Amino acid sequence: AVEGTFRVVGNYSDLIEAAKSGEIDIIYIALPLGSEWHIKSLLNGLSDTTVSVHMVLDFSSFNPLKVKLFEIQGTPTISIFETPHTGIDGIAKRIFDLAGALLILAVLAMPMCLIALAIKLTSPGPILFKQQRYGVRGEPITVWKFRSMRVMDADDTNIEQATNGDPRITPVGAFLRKTSMDEFPQFFNVLAGTMSIVGPRPHAICHNEQYRALIEGYMLRHKVKPGITGWAQVHGWRGETDTLEKMESRVLHDLHYIRDWSLFLDIRIIVMTIFSRSAHKNAY
């Protein structure tokens, strides 16, 4: 490459002759998938040499989620939409979740008891609120939270998101939601294996069905377990999504997390959740 441009030194025939003469040891073929005839022609010529040939497959136009190489009965396959939590990575993620949830629940045991007492003494109704949401692979799960709103008739087919100054929110609930303490019971979801400490936040099922029809790739969020906190949340994309653009930004951040996942990224998100102001933006 010269000053950001590529220097062309010859054509296919020149490449084959250079390979035959021993001037080249390794060749990377980075032609588009539609150039099948050119690829076959080049491979036929290179088969008369001892050069090592590698195919560089460009799947960027397919907007892949997690590209991995697999082999099925001797046939190589490349994943386009796949979870990063497979094999050792999946085990490491689960161990991290279990250890983290146990430690956090041990620390939060007394505060959670005080929160439960405050909810019981200040408003009628149950201490905990449960709701059906989608988990990994889009399977329904029950998510637990401290109740932060007044008790009303449940309607899972038309759930109204909380808004700033929402009259349904109790005084104790307002504090819990602002500080995200209402999410504490979800660490029991983590222990049960239906959630992770870090991952895309789960949405109500009716919202899932609404947005999956409007946002391309929306359901790919469910290639991993939903989380108590996530990459979207620490960048301020939490709370009410009163415009389609807000939900699109949340989904883009969630898919970025899945593509770039690592345990280090999980730790980074947890630290940002605790110390970053943007993590609590739009919390009401």
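This is a predicted model: local features need pLDDT of at least 70, side-chain atom pairs count only at pLDDT 80 or more; totals for chains, interfaces and linings use all residues.
Local features need pLDDT of at least 70 and side-chain atom pairs count only at pLDDT 80 or more, while totals for chains, interfaces and linings use all residues. Residues are numbered from 1 along each chain as its sequence is written, and side-chain values use heavy atoms, with hydrogens and water left out.

Helices (H or I, at least four residues) and strands (E, at least two) are DSSP runs, numbered from the N terminus, and two strands pair if DSSP finds at least two bridges between them. Strand 3 (residues 69–72) and strand 4 (residues 75–78) run antiparallel, joined by four bridges. Here I72 sits opposite T75 of strand 4. The hairpin leaves two residues between the strands, and Q73 in its turn shows a positive phi of about 50°.

Further along come strand 5 (residues 128–134) and strand 6 (residues 140–146), an antiparallel couple held by seven bridges. L128 has F146 in strand 6 as its bridge partner. This hairpin has five residues between its strands, with R137 in the turn taking a positive phi of about 65°.

Next up are the helices. Two packed helices are described by the angle between their axes and the distance between the axes. Axes are lines fitted to C-alpha atoms, for helices over the stretch in contact, and angles run from 0 to 180 degrees between N-to-C directions. For helix 1 (residues 12–20) and helix 2 (residues 36–46), the axes come within 9 Å and cross at roughly 25°. That crossing makes helix 1 roughly parallel to helix 2 (angles under 35 degrees count as such). Where they touch (heavy atoms within 4.5 Å), Y12, L15, I16, A19 and K20 of helix 1 meet H38, L42, G45 and L46 of helix 2.

Helix 3 (residues 87–122) and helix 9 (residues 263–275) bring their axes within 11 Å, crossing at roughly 30°. So helix 3 is roughly parallel to helix 9. On the helix 3 side, A92, K93 and F96 make the contacts; on the helix 9 side, it's L263, D266, I267 and I270.

Lastly, a look at one ring: R221 lies over the face of Y218, 5.4 Å from the ring centre. A charge sits over a ring if NZ of Lys or CZ of Arg is within 6 Å of the ring centre and within 35 degrees of the ring normal.

Notes: Angles under 35 degrees count as roughly parallel, over 145 as roughly antiparallel, 65 to 115 as roughly perpendicular and the rest as oblique.
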